[in-house]
Amino acid sequence: MRTFVSALVSGLTLATPAAATEPFHTASFPDHTIVSLSLVGNQTAASIEYDYDVYISLSTVSTDGYGSYSDPSRHKASVRCHAPEAVAVRGVSYPIPTSTGGADWKDDLWRAVCIVPVS
């Protein structure tokens, strides 16, 4: 579990502290740990190749009562809503399979930023 969190954190660019909002992605692990990723900020992308620069917070909680952790950093990602849809992290662009749907945090991030909620 720690390896996953470390890999996830190292795959994101560090920014400044921020409070978390509603999670856009949650993952549960066999060791009773739940990792949540939340959007904590966004702005127009600095690069013309992307639509938004977003900032993500990471938190973990143990369902068996052994603690929790809230990463004090914000992690930057860039999101392109138009074709070819993509999320970029630390200079690496990951395509988003919008037709088949995805199951990882980058797919969930793209949907949270680019899909307009229907009420």
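My entries on the disulfide, a loop residue, a strand and a pocket follow.

**Ground rules.** I was working with a predicted model, where local features need pLDDT of at least 70 and side-chain atom pairs count only at pLDDT 80 or more, while totals for chains, interfaces and linings use all residues. Residues are numbered from 1 along each chain as its sequence is written, and side-chain values use heavy atoms, with hydrogens and water left out.

**Disulfide.** I looked for disulfides (cysteine sulfur pairs within 2.5 Å) and found 1. Cys81 is joined to Cys114, with an S to S distance of 1.9 Å. The pair links distant parts of the chain, 33 residues apart: Cys81 sits in the loop between strand E6 (75-80) and strand E7 (86-89), and Cys114 in helix H2 (residues 105-114). I took helices (H or I, at least four residues) and strands (E, at least two) as DSSP runs, numbered from the N terminus. The link of Cys81 and Cys114 is left-handed, at -80° about the S-S bond.

Are the two cysteines buried or exposed? My scale was relative accessible area with a 1.4 Å probe on protein chains only: buried is under 20%, exposed over 50%, partly exposed in between. Cys81 is partly exposed because its relative accessibility is 22%, whereas Cys114, at 16%, counts as buried.

**Glu85.** I stayed in the loop between E6 and E7, where Glu85 also lies. Its C-alpha is 5.4 Å from that of Ile96, 11 residues apart along the chain. Setting aside neighbours within four places in sequence, I listed contacts (heavy atoms within 4.5 Å); for Glu85 they include Arg80, Tyr94 and Trp110.

**Strand E4.** Next I checked strand E4 (residues 52-62), which is largely enclosed by the rest of the structure because 8 of its 11 residues are buried. I counted strands as paired if DSSP finds at least two bridges between them. E4 runs antiparallel to strand E3 (residues 33-44), with 11 bridges, and Leu39 has Ile56 as its bridge partner. E4 also pairs with E6 in the antiparallel sense, over 5 bridges, with Tyr52 opposite Val79. Strand E5 (residues 68-70) is another antiparallel partner of E4, over 3 bridges. In the hairpin of E4 and E5, with 5 residues between the strands, I noted that Gly65 has a positive phi near 85°.

**Pocket lining.** Which strand gives the most to the lining of the second largest pocket? I found that E6 does, with 3 residues. For pockets, I used a 1 Å grid over the protein atoms alone: an open set of points where a 1.4 Å probe fits, with protein on both sides within 12 Å along at least five of seven lines, and lining residues having an atom within 4 Å of a point. The lining has 14 residues, and Lys76 and Ser78 are among those nearest the centre.
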